[in-house]
Amino acid sequence: MKHCYTFGEFRLELDERRLLRRGEAIPLPPKVFDTLILLVENSGHLVTKDEFMNRLWAGTFVGEDTLARNISLLRKVLGEDYIATVPRHGYRLVVTVDE
């Protein structure tokens, strides 16, 4: 069974590690894809910077600037209205997601 999410004009296929916009694949670097997964799985809820760091870069030293770059790239792909910043805390996906 394929595990996927839909939101707006996007479809996120976890098993295939693929993001589609209206059926067209949009390539994402692996950690950016993982950042999107974490946001989608927690849609409507705050994902703290610590949660991102622990899940995506556990056991490694990565600055918050790396997370900020991932979010910036996702905003370019998805559009500015999909991800809200909660200053000094984290990020929230602000669209309805269907599984």
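This is a predicted model: local features need pLDDT of at least 70, side-chain atom pairs count only at pLDDT 80 or more; totals for chains, interfaces and linings use all residues.
Biologist: How many bridges join β3 to strand β4 (residues 24–26), and in which sense do they run?

Modeller: Two strands count as paired if DSSP finds at least two bridges between them. Here 3 bridges join β3 to β4, and the strands run antiparallel. Residues are numbered from 1 along each chain as its sequence is written, and side-chain values use heavy atoms, with hydrogens and water left out.

Biologist: Which strand order does the open sheet have?

Modeller: Strands (E, at least two residues) and helices (H or I, at least four) are DSSP runs, numbered from the N terminus. The open sheet has 4 strands in the order β1-β2-β3-β4, with antiparallel pairing. From one strand to the next the twist averages 25 degrees.

Biologist: Where do the bridges of β2 go?

Modeller: Towards β1 there are 4 antiparallel bridges, with T6 standing opposite R11 in β2. Towards β3 (residues 18–21), β2 (residues 10–13) also pairs in the antiparallel sense over 4 bridges, where R11 has L20 as its bridge partner. The hairpin of β2 and β3 has 4 residues between the strands, and R17 takes a positive phi near 50 degrees in it.

Biologist: What else does R17 do, and with which residue does it form a salt bridge?

Modeller: A salt bridge is a side-chain nitrogen of Lys or Arg within 4 Å of a carboxyl oxygen of Asp or Glu. R17 forms one with D34, the closest N and O atoms being 2.9 Å apart. That pair links distant parts of the chain: R17 is in the loop between β2 and β3 and D34 in helix α1, 17 residues apart. The whole structure has 8 salt bridges. Another joins E41 and R55 at 3.0 Å, N to O; E41 is in α1 and R55 in α2, 14 residues apart.

Biologist: Which residues of helix α2 are buried?

Modeller: Buried means under 20% relative accessible area, exposed over 50% and partly exposed in between (1.4 Å probe, protein chains only). In α2 (residues 49–56) the buried ones are K49, F52, M53 and L56. Seen down the axis, these fall within an arc of 95 degrees, so they line one face of the helix. The arc is taken from the directions from the helix axis to the C-beta atoms. D50 and N54 are exposed on the face turned away. Contact means heavy atoms within 4.5 Å, and the buried residues of α2 pack against α1 (30–41), β5 (47–48), α3 (64–78) and β7 (90–93).

Biologist: Which side chain meets K49 in a salt bridge?

Modeller: E64 does, at 3.1 Å, N to O. K49 lies in α2 and E64 in α3, so the pair ties together parts that are 15 residues apart in sequence. K49 counts as buried at 18% relative accessibility, whereas E64 is partly exposed at 47%.

Biologist: How far from R75 is the nearest side chain of opposite charge?

Modeller: R75, in helix α3, is buried yet has no salt bridge, and E80 is 4.3 Å away. Leaving aside residues up to four places away in sequence, R75 touches E80, I83, A84, T85 and Y91.

Methods. Lys and Arg count as positive and Asp and Glu as negative; His and the chain ends are not counted. Axes are lines fitted to C-alpha atoms, for helices over the stretch in contact, and angles run from 0 to 180 degrees between N-to-C directions.
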